[in-house]
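Please keep the sequence and the 3D view at hand while reading.

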Amino acid sequence: MTPPKPISVSVDVPNPRTEVYDFLDVMANHEPFTDHMLVDWSYAGPPRGIGSKATVNSKFGPLKEPVSIEVVAAEAPSRIVEHNISAGGRRTASGTYELTDLPDGGTHITFTYTWTTAPLADRLLSPLVRGALRRGNMKAMTRLAEQLPAA
């Protein structure tokens with residue numbers, strides 16, 4: 001049984017792409033727009049760029065699960081890739097931010113979550129898991145747009 005299909009969410013913001021990239025490049029800036037689903041943040045490595053790391057707890061209802069996140073690739077000002085490990089190593093995935101210029105200014109931000117390996121529960125409950133994660137990530141994109149400095 002293969003891992004769940006990737007999910008993508010996106011949002012348009014009035015900010016220039018370089019400004020959005022510079023904001024997302026700092027790992028600590030992710031906490032305020034994802035703290036509805038990722039809590040108890042701690043950081044390691046450099047504060048920004050490849051090698052920047054965070055350890056968090058994902059929360060799904062009353063359940064909390066440790067997640068390790070590390071930036072593994074970065075192409076300024078267009079792409080940041082994070083690798084994450086959870087479920088005791090049974091869930092590995094990547095989260096990719098892709099930034100493109102909008103025709104009339106501003107930036108289109110797409111976040112794609114792609115499972116590499118997934119526990120049996122994720123695979124069996126794929127439609128529910130994907131739906132919950134899509135909703136959580138869409139809320140994160142909305143909150144990101146609200147927290148970027150005014151353009």
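The points below treat the strands, a helix and a loop residue in turn.

This is a predicted model, in which local features need pLDDT of at least 70, side-chain atom pairs count only at pLDDT 80 or more, and totals for chains, interfaces and linings use all residues. Residues are numbered from 1 along each chain as its sequence is written, and side-chain values use heavy atoms, with hydrogens and water left out. Helices (H or I, at least four residues) and strands (E, at least two) are DSSP runs, numbered from the N terminus.

**Strands**

- Strands β3 (residues 53–60) and β4 (residues 63–75) pair in the antiparallel sense through 8 bridges; two strands pair if DSSP finds at least two bridges between them.
- Within this pairing, V56 has V67 in β4 as its bridge partner.
- The hairpin of β3 and β4 has 2 residues between the strands, and G61 takes a positive phi near 65° there.
- Strand β5 (residues 79–86) runs antiparallel to β4 and is joined to β4 by 8 bridges.
- H83 in β5 stands opposite E70.
- A hairpin with 3 residues between the strands is formed by β4 and β5.

**Helix α1**

- In helix α1 (residues 17–24), the buried residues are V20, Y21, F23 and L24.
- These residues lie on the same side of α1 because they cover an arc of only 160° around the axis; the arc is that of the directions from the helix axis to the C-beta atoms.
- Buried means under 20% relative accessible area, exposed over 50%, and partly exposed in between (1.4 Å probe, protein chains only).

**Residue L125**

- L125 is located in the loop between α3 (120–124) and α4 (126–147).
- L125 counts as partly exposed because its relative accessibility is 43%.
- The C-alpha atoms of L125 and K5 are separated by 12 Å, and the two residues are 120 residues apart along the chain.
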